[in-house]
Amino acid sequence: ISFDVTPDDSMPANSATEIRIRGLDGNNERCYAILTVTVGQSYGASSSLGTNFLNNVEPGTSESTSLSITNQGNGADTLSIAHSPVPSGWTVSLSSSSVNLLGKHEPQDDRQESIGIEVFVPLSALADDTVTITFTTSSGGNSAVEVTDTLEVSVAERHEVDGTVLSIDQTGRSDQQIDFPLIVHNNGNVQDSFRLRACDPNQPGSGCSSPSWQSTFVDEQDN
């Protein structure tokens, strides 16, 4: 006679249970044997992000979230956390790259832990950039056990402009048009439009000096 025993992980790893195999004569036990089964270890994990979206992160700053990790196996395990590559200048910081957790039959505080995640967005990031970062949690006891979570990070618009005047001192005669070439730099991270206004001494608080000479802005096509 052969006996097949198929245990599950409803008991902690390395725990033992006895199976009494009885030989009966009618209802009377004539003999018996004790089969002791020791439960092996199962491996599993689950994880979840505090939020799956970090929206409108200002370039040059960081935003944070958390990753909660739970050991779903029936024994202690070391779970490692890694993330997918990010564009140049971006950084992802984890408060811990691994956690040691007891099995699923233990109290929640012993089988679950949260780590902090900080994402830095560089000044060079464009407003239409959306970066998806994948976090992978894997079991130290069984490398085939992996769970993933994705975090989407979008970049806020940054508006900034400056100008360079190529010549600030020129000499001209009466009724002669004098040109002061000006290069406008869009230092923001999004396509933008800028309004140019000449200094007008007739406008209160302009800070301009008299005389009030007519001045206009034109582009390379004289528009």
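Analyst: Buried here means under 20% relative accessible area, and partly exposed lies between that value and 50%. The model is predicted. Asparagine 189 has a relative accessible area of 5%, so this residue counts as buried. Asparagine 189 belongs to the segment after β13 (182–186).

One reaches the backbone nitrogen of arginine 158 at 2.6 Å. Another reaches the backbone oxygen of alanine 125 at 3.2 Å. With neighbours within four places in sequence left aside, the contacts of asparagine 189 are Pro59, Ala125, Leu126, Ala127, Val155, Ala156, Glu157 and Arg158.

Glutamate 160, at 39%, is partly exposed.

The count of salt bridges comes to 5. Among them is the pair of lysine 104 and aspartate 9, with 3.1 Å from N to O. This pair links distant parts of the chain, 95 residues apart: lysine 104 is in the loop between β8 and α1 (108–111), while aspartate 9 is in the segment before β1 (16–25). Both partners are partly exposed, lysine 104 with a relative accessible area of 29% and aspartate 9 with 23%.

Glutamate 29 and arginine 20 form another salt bridge, in which the closest N and O atoms are 2.8 Å apart. Glutamate 29 is partly exposed at 31%, as is arginine 20 at 43%. Side chains of opposite charge can pair when their charged atoms come close.

In soluble globular proteins, nonpolar side chains tend to be buried together. The largest nonpolar core here has 24 residues, and those with the most contacts inside it are Leu67, Trp90, Val119, Phe135 and Val153. Elements that give two or more residues to this core include β5 (61–71), β9 (112–121), β10 (130–139) and β11 (146–155). Valine 153, leaving aside neighbours within four places in sequence, is in contact with Leu54, Val57, Trp90, Val119, Val121, Asp129, Thr130, Val131 and Ile133.

Definitions and conventions:
Residues are numbered from 1 along each chain as its sequence is written. This is a predicted model: local features need pLDDT of at least 70, side-chain atom pairs count only at pLDDT 80 or more; totals for chains, interfaces and linings use all residues. Side-chain values use heavy atoms; hydrogens and water are left out. A nonpolar core is a set of buried Ala, Val, Leu, Ile, Met, Phe, Trp, Tyr and Cys residues joined through side-chain atoms within 4.5 Å. Buried means under 20% relative accessible area, exposed over 50%, partly exposed in between (1.4 Å probe, protein chains only). Helices (H or I, at least four residues) and strands (E, at least two) are DSSP runs, numbered from the N terminus. Contact means heavy atoms within 4.5 Å. A polar contact is a pair of N or O atoms within 3.5 Å; within protein, one must be able to donate a hydrogen and the other to accept it, and residues adjacent in sequence count only if both atoms are side-chain atoms. A salt bridge is a side-chain nitrogen of Lys or Arg within 4 Å of a carboxyl oxygen of Asp or Glu.
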